Amino acid sequence: MRFDGAPDLLEDPQVVLADRPAKNVLRLTLHRPHRRNALSPKLRAQLIHQLQMADCDPTVAVTIIRGSGPDFSAGYDLSFEVGTSAESFSDVMDAPGDGQFQRGAVNTVLLMWDLRKPVITQVHGHALAGGSEIASAGDLVYVAKSARVGYPPTRSMGCPDTQYMPWLCGFRKGMELMLTGDTMDAEQCVACGWANGSFPDETIDDEVLKIAVKVARVPADIQQINKRSVHRAMEVMGIRTALRYGTELQALVMHSKDSQAFMRKFRSTELPSANFQHYRFTPLKLRDGRTGPEIDVVHIDRLKLRHKQKATAIPADQGVVPCQGGCVIVSFPDGPVRVDEISFTTATDHPEWDPLQWRFEGSDDRQTWTVLQNRNQDFPTPTKRLFTSGVLGLDGGRASKAFTERDREYGDNRIQRRSML
């Protein structure tokens, strides 16, 4: 296997989950919802490993790739997990030197294209930067109505690692995406040719599975030639050569003054954290439209607190939800507990009571409260039941500010995220 030289990337936790929803169909789910499925070295390695195994498995004819949580993938995770680094993945994918990360990104896409068996990418929510590259690597691409696809780092860091835009979106639309860093909605994705089709979020799982079953009916020895035929035509037109040339341009722009200045904004800081004995979660707006004093229920299945990517143990009698009232308070009897992220899981019923906006606060005396996170714009809380919101960092980090300020200048403040691109 390609990752024998970096076995730690394949160890638990497994962040790419596999299931068999139909005969001869494998479905892989990117499963880092607390990071919006940001592409860590472990996730990228496990995805490739699963695809390689599927290509050698006679019981698999086609593979679907999708994401868990509210998004397909927010892009490359530049924070990484403890004990891993970009190099541990890139050293497996390409030779060291300037542009190694970029070449590794392109090699991932080319590897997916070179598989004998078709790959279908199923995109919902955001597919940004590196996330859009993985999505673009599908032989077939289907988007949910909630999909937003693009490469915002062109605004501040430079061109993409995998410059798919002119090839998959056409010259004019590709140029617009490169020059503005804007995202495409589902309709635009289909109209420009980036995606094959679009379905409602509620039915996309079933609709894509129907297509996969149809693809799986074609004998594998015939289907591999069908796939290769289309890719060979694109190669004759120069797609593979252009993508490889693009890695050199991306490596070059990373040395520009403005790109390096932006990188320094988030590489030199840690996530903001708080240290209080009491924490309060207050819904500000529900899906049914109720706001402020109209809200009389905290309708979530579980509230979770984290610090440095580890869950904080909440006392059994604290933070019990769902509950009546306008807020839920978690108290720690042994003293202050440090927190830098929160998440919640949707309740088993009544999706109309899901929180779309909320405030998270901390206090030492339950009298004076400090605002730690203020979500005053609608959050894409999942409509699925017992589904995670994804982990959300506290307000105030320099990294979050860098991305938020950059995108606000373009009237496009999509995701308040930390160090993921």
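Predicted model: local features only at pLDDT ≥ 70, side-chain atom pairs only at ≥ 80, totals over all residues.
Colleague: How many disulfides does the model have?

Modeller: A disulfide calls for two cysteine sulfur atoms within 2.5 Å. By that rule, the count here is zero.

Colleague: Are Cys169 and Cys327 buried, partly exposed or exposed?

Modeller: Buried means under 20% relative accessible area, and exposed means over 50%. Cys169 has 5%, so it is buried. Cys327, at 29%, counts as partly exposed.

Colleague: In what order do the strands of the open sheet run?

Modeller: The order is E14-E13-E18-E21, four strands with antiparallel pairing. E14 (310-311) and E21 (392-393) are at the edges with a single partner strand each, so one side of each has no neighbour in the sheet.

Colleague: How many bridges join E13 to E18?

Modeller: Six bridges link E13 (residues 300-307) with E18 (residues 341-346), and the two run antiparallel. Among the pairs, Lys304 has Ser343 in E18 as its bridge partner.

Colleague: Which residues form the nonpolar patch on the surface?

Modeller: Phe171, Met175 and Leu179 form the patch, and together they have about 340 Å² of accessible area. Leu179 sits in helix H6 (residues 171-180).

Colleague: Why does Leu179 count as exposed?

Modeller: Its relative accessibility is 65%, and the cut-off for exposed is over 50%.

Terms used: Residues numbered from 1 in each chain as written. Heavy atoms only, no water. Patch = residues over 30% accessible without salt bridge, like charges linked within 9 Å, V, L, I, M, F, W, Y side chains within 5 Å. Areas by Shrake-Rupley, 256 points an atom, 1.4 Å probe, with all protein chains shown as cover. Salt bridge = Lys/Arg side-chain N within 4 Å of Asp/Glu carboxyl O. Buried < 20%, exposed > 50% of the residue type's maximum accessible area, 1.4 Å probe, protein only. Pairing = 2+ DSSP bridges.
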